[in-house]
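I opened the model and kept notes as I went. The entries follow the order of looking.

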Amino acid sequence: MIFSESNQLHRSPTRHFLEENEINSALEEMVEASREKVNNSDNFLQALINREELMSTGFGFGIAYPHAKTDDIDEFFVTIGISRTGIDWKSFDQKDAKLIFMIGGPDGQQDVYLKLLAGLSSFLK
């Protein structure tokens with residue numbers, strides 16, 4: 001299980017089968033699927049893209065976990081994207097990502113954010 005400040009996510013993760021096969025397009029599709037959890041989806045999408053430009057969030061082993069925090073989000077959430085064909089997420093092992101765990105959260109809660117990322121990483125091992 002993935003934890004947040006209350007030791008669990010407030011809602012069940014949104015699951016979405018991805019049609020896109022390029023990082024930014026897949027992110028756009030996942031943000032759209034998460035629209036009710038984000039007050040300004042354009043800002044959140046741009047924050048995700050900016051994060052990818054800093055360093056790929058490709059975890060390897062067919063998994064990516066794009067993540068960003070903005071003032072446009074009230075509580076942490078995870079959206080799970082599933083790609084049947086895989087997306088080149090620039091992972092260290094060069095394997096296409098088929099499971100994408102997009103994490104969004106409110107800015108200013110770094111401790112919770114790091115615990116959520118650590119929980120996800122432990123869950124995926």
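**Entry 1: helix H1.** I listed the buried residues of H1 and got Ile23, Ala26, Leu27, Glu29, Met30, Val31 and Ala33. I took buried as under 20% relative accessible area, exposed as over 50% and partly exposed as in between, with a 1.4 Å probe and protein chains only. Helices here are DSSP runs of H or I with at least four residues, strands are runs of E with at least two, and both are numbered from the N terminus. An α-helix has 3.6 residues a turn, so residues three or four places apart point the same way. At the N-terminal end of H1 I found Glu22 as the cap, with a side-chain oxygen 3.2 Å from the backbone nitrogen of Asn24.

**Entry 2: basis of the numbers.** The model is predicted: local features need pLDDT of at least 70, side-chain atom pairs count only at pLDDT 80 or more, and totals for chains, interfaces and linings use all residues. Residues are numbered from 1 along each chain as its sequence is written, and side-chain values use heavy atoms, with hydrogens and water left out.

**Entry 3: Glu29.** Glu29 sits in H1, which spans residues 23-33. I did find the side chain of Glu29 reaching the backbone nitrogen of Glu20 at 3.1 Å. Setting aside residues up to four places away in sequence, Glu29 touches His16, Phe17, Leu18, Glu19 and Glu20; contact means heavy atoms within 4.5 Å.

**Entry 4: strand E4.** I checked both faces of E4, residues 67-70. His67 and Lys69 on one side are buried, and so are Ala68 and Thr70 on the other. E4 pairs with E6 (residues 97-106) in the parallel sense, over four bridges; pairing requires at least two DSSP bridges between two strands. Which residue of E6 is the bridge partner of Ala68? I read off Gly104.

**Entry 5: Ala97.** Ala97 belongs to strand E6. Ala97 is buried, with a relative accessible area of 0%. Beyond its neighbours within four places in sequence, Ala97 is in contact with Gly62, Ile63, Ala64, Ser83, Gly86, Ile87 and Trp89.

**Entry 6: the loop between E5 and E6.** I looked here for positive phi. Lys90 is in the loop between E5 (77-87) and E6, and has a positive phi of about 60° although it is not a glycine. Lys90 is exposed, at 57% relative accessible area. Gln94 lies in the loop between E5 and E6, and its phi is near 60°, again positive in a residue other than glycine. Gln94 is exposed, at 69%.

**Entry 7: whole protein.** I counted three helices and six strands, in the order β-α-α-β-β-β-β-β-α from the N terminus. Of the 125 residues, 51% are buried. Among contacts with a separation of 6 or more, 68% join residues 24 or more positions apart.

How values were computed: A polar contact is a pair of N or O atoms within 3.5 Å; within protein, one must be able to donate a hydrogen and the other to accept it, and residues adjacent in sequence count only if both atoms are side-chain atoms.
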